[in-house]
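Try each task yourself before you look at the solution.

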Amino acid sequence: MSRPAWGAAPIRCGKMKCKWRGYETELVPVPHKRIKGLGLTANVCPTCGCDSYMHMTAKEIAAWKRQTETPKESI
Ligand SMILES: [Zn+2]
């Protein structure tokens with residue numbers, strides 16, 4: 001399976017309780033916790049610092065877009 005291009009697909013935090021949604025480009029780079037001394041960085045959730053995330057399903061993307069792009073009430 002091929003992964004979507006970096007930052008192209010919306011992702012969700014790997015922690016079920018975390019409500020953060022966004023793109024890979026919005027993750028925060030921090031020094032890698034598990035592999036020290038190699039100058040590696042991990043990209044973590046800006047809200048909870050979790051270093052795992054998953055791509056959203058089409059359903060999740062639709063719900064997320066509805067939340068973030070709430071249309072203004074028409075007069
Ligand atoms: Zn998170």
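**Exercise 1.** Among contacts in the chain between residues at least 6 apart in sequence, what percentage join residues at least 24 apart?

*Solution.* Start with the ground rules. This is a predicted model, in which local features need pLDDT of at least 70 and side-chain atom pairs count only at pLDDT 80 or more, while totals for chains, interfaces and linings use all residues. Residues are numbered from 1 along each chain as its sequence is written. Next, two residues are in contact if their C-beta atoms, placed from the backbone, lie within 7 Å. With that cut-off, the share joining residues at least 24 apart is 48%.

**Exercise 2.** Find how confident the predictor is in the chain, using pLDDT (its confidence in each residue, from 0 to 100).

*Solution.* Then go element by element (helices, H or I, have at least four residues and strands, E, at least two; both are DSSP runs numbered from the N terminus). Strand E1 (residues 11-13) has the highest confidence, at 96, and helix H1 (residues 58-68) the lowest, at a mean of 91.

**Exercise 3.** Describe the order of the elements and the sheet.

*Solution.* Step one is to count: there are five strands and one helix. From the N terminus on, they run β-β-β-β-β-α. Step two is the sheet, where strands pair if DSSP finds at least two bridges between them. Three strands make an open, antiparallel sheet in the order E2-E1-E5. Strand E2 (21-22) and strand E5 (53-55) are at the edges with a single partner strand each, so one side of each has no neighbour in the sheet. Step three is to zoom in: E1 and E2 are joined by two bridges, and Ile-11 stands opposite Gly-22 in E2.

**Exercise 4.** Which residues make up the largest nonpolar core?

*Solution.* Begin with burial: a residue is buried if 20 or more other C-beta atoms lie within 10 Å of its own, exposed if 12 or fewer, and partly exposed in between, with C-beta atoms placed from the backbone. A nonpolar core is a set of buried Ala, Val, Leu, Ile, Met, Phe, Trp, Tyr and Cys residues joined through C-beta atoms within 7 Å. Here the largest one holds six residues: Ile-11, Cys-13, Leu-27, Val-44, Cys-45 and Tyr-53. Finally, look at Cys-45: leaving aside neighbours within four places in sequence, its contacts include Cys-18, Trp-20 and Cys-50.
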